[in-house]
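The sequence and the model come first, and the description follows.

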Amino acid sequence: HAISLRCPSKQAKRHIDFTEEQAELTPEEQAAKLKAEKIRVALEKIKEAQVKKLVIRVHMSDDSSKTMMVDERQTVRQVLDNLMDKSHCGFSLDWSLVETVSELQMERIFEDHENLVENLLNWTRDSQNKLIFMERIEKYALFKNPQNYLLGKKETAEMADRNKEVLLEECFCGSSVTVPEIEGVLWLKDDGKKSWKKRYFLLRASGIYYVPKGKTKVSRDLVCFLQLDHVNVYYGQDYRNKYKAPTDYCLVLKHPQIQKKSQYIKYLCCDDVRTLHQWVNGIRIAKYGKQLYMNYQEALKRTESAYDWTSLSSSSIKSGSSSSSIPESQSNHSNQSDSGVSDTQPAGHIRSQSIVSSIFSEAWKRGTQLEESSKGTESDFTFNLAAPQIQKKSQYIKYLCCDDVRTLHQWVNGIRIAKVEESQSNHSNQSDSGVSDTQPAGHIRSQSIVSSIFSEAWKRGTQLEESSKARMESMNRPYTSLMPPLSPQPKLVTPYTASQPSPPYRPPTAPSSSTPTASTPAPAPAQPVWPCGLHGHDVRQVQHNNQAAERLSAFRAPV
């Protein structure tokens, strides 16, 4: 007899070892081990419960808002990814979370590595501060054009991409970060006053310094203005009106816990916007150092992967439409090989939800641009089509626009007539087949009222049409048909000469049994019966025509 031996799997071995270990333990040891496991789970739950969580409202650039929950373990980069997934916007480097301090009229862009909850806990309970999700090109403009911020030049210069990479590596990839030496005259606001005075400031890695009056720029004569360890840099808003600033290009340095007016807030004013951005980015480099460059590289990597997935999806769609005969398994295998997904590695680690949602980013942007551009060309002759239950903005509301008001009214009235005819046809179908019990009585009554009004109007229109048609037929009928029938009778005509006057006209008399004589007057002729539908003017015209015909027949009669 052949005997087959099967090696036990790893899972079976683990189960055997566990059962053997459990069998070796005494009941007291098993109870102690079970208790330790329960304590470990309870400690994890307590640790999870101690995590600070906040429900925040983020305002969008289109005046809408989104509510979401964040905890203290999330960075600003993670919150940005969630917002981009929710809003279906493109995965761009410029998307930022902006903090606006309404009372102090200032704002700043959160860095990607910062802890969002830690910054939000500095706000007061009655604070009017806001979080805004918007695109700000100045967030990473430092790395897109480093020659304008790292070389200390006042003029904007152009540089090749390779030289830009070399400049960034020299500045951020060394043993220490090279802080750009920025210096120049800035306006400083006096404490508690709206007056501004000029000072010569210098930026160093340890902080900001200024040159006192009568001193030179030698390092021993410099006075430390502010250290950057515990302060953040903000952009001032409308300080020309609030503090009588010389220009609108102001920056503010303050501790994040200061939320009201304080003497520890430092206000600086620059001559132009380029100087303002140079100082702000220089302070960011001196404060965060290499972390700033790491944030940019991570954001750039995410953006590139998103665009690679978008291009891959579009190319796969095109190839699928051109060669539909390829088997599904083969196409899936080719897509996996192109995107770098192996059989052992899960695809979710590479194609995250944020990357998948970025497929629709370009189409969303183009649609928004087309909608904004079409707002200026639309006319006022618009109408909407929607169900009566829809009372808010919805995708099921259809907006139509006409060229002029006449076309608008034609369409609206045509739709109304079509709805009335549809309701009348439905009512007639229900009357033939019987009204179902599920239909409300009010709807049936409204349909019957509308149909009765329409039927009365239809009857009146039919009557008017028939009367006008009869009138036109009577007007076009020949006059001989309007004359009463005359029986033939002899006529007595007296000859006359030219000297004698013409005999008077006598209307024809009705025939009688006795022969008329000259002395006996003839009876009055019978009045003709006129057709219906003729007015008085038409009757008189017919009578005149009949008399003229009788006179002509009298003259033509033989003597």
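## Terms and overall picture

Helices (H or I, at least four residues) and strands (E, at least two) are DSSP runs, numbered from the N terminus. This is a predicted model, in which local features need pLDDT of at least 70 and side-chain atom pairs count only at pLDDT 80 or more, while totals for chains, interfaces and linings use all residues. Residues are numbered from 1 along each chain as its sequence is written, and side-chain values use heavy atoms, with hydrogens and water left out.

The secondary structure of the protein amounts to 15 helices and 14 strands. Of its 559 residues, 29% count as buried, where buried means under 20% relative accessible area, exposed means over 50%, and partly exposed lies in between (1.4 Å probe, protein chains only). Among contacts (heavy atoms within 4.5 Å) between residues at least 6 apart in sequence, 55% join residues at least 24 apart.

Among the buried residues are Val76, Leu80, Asp81 and Met84.

His88 follows α3 and is found in the loop between α3 and β3 (95-101). His88 has a positive phi of about 55 degrees although it is not a glycine, and with a relative accessible area of 38% it is partly exposed. Most residues other than glycine have a negative phi. Gln105, in the loop between β3 and β4 (106-109), also has a positive phi, near 55 degrees, and at 24% relative accessibility Gln105 counts as partly exposed.

Helix α6 (residues 161-172) reaches 17 Å from its first C-alpha to its last, close to the 16 Å expected for its twelve residues. Its buried residues are Lys164, Leu167, Leu168, Cys171 and Phe172. Seen down the axis of α6, these buried residues fall within an arc of 105 degrees, so they line one face of the helix; the arc is that of the directions from the helix axis to the C-beta atoms. On the other side of α6, Arg162 and Glu170 are exposed.

## Salt bridges

A search of the whole structure finds 18 salt bridges, each being a side-chain nitrogen of Lys or Arg within 4 Å of a carboxyl oxygen of Asp or Glu. In one of them, the side chains of Arg302 and Asp81 meet at 2.8 Å, N to O. Arg302 lies in helix α9 (residues 290-322) and Asp81 in helix α3, so the pair ties together parts that are 221 residues apart in sequence. Arg302 is partly exposed, at 28% relative accessible area, whereas Asp81 is buried, at 7%.

Arg108 forms a salt bridge with Glu114, with the closest N and O atoms 3.0 Å apart, and both of these residues are buried. Within α6, Arg162 forms a salt bridge with Glu165, with the closest N and O atoms 3.3 Å apart; being three residues apart in this helix, Arg162 and Glu165 are separated by about one helical turn. Elsewhere, salt bridges that share partners join Arg77, Asp81, Asp112, Lys139, Glu298 and Arg302 into one network.

Notes: The expected span of a helix is 1.5 Å times one less than its number of residues.
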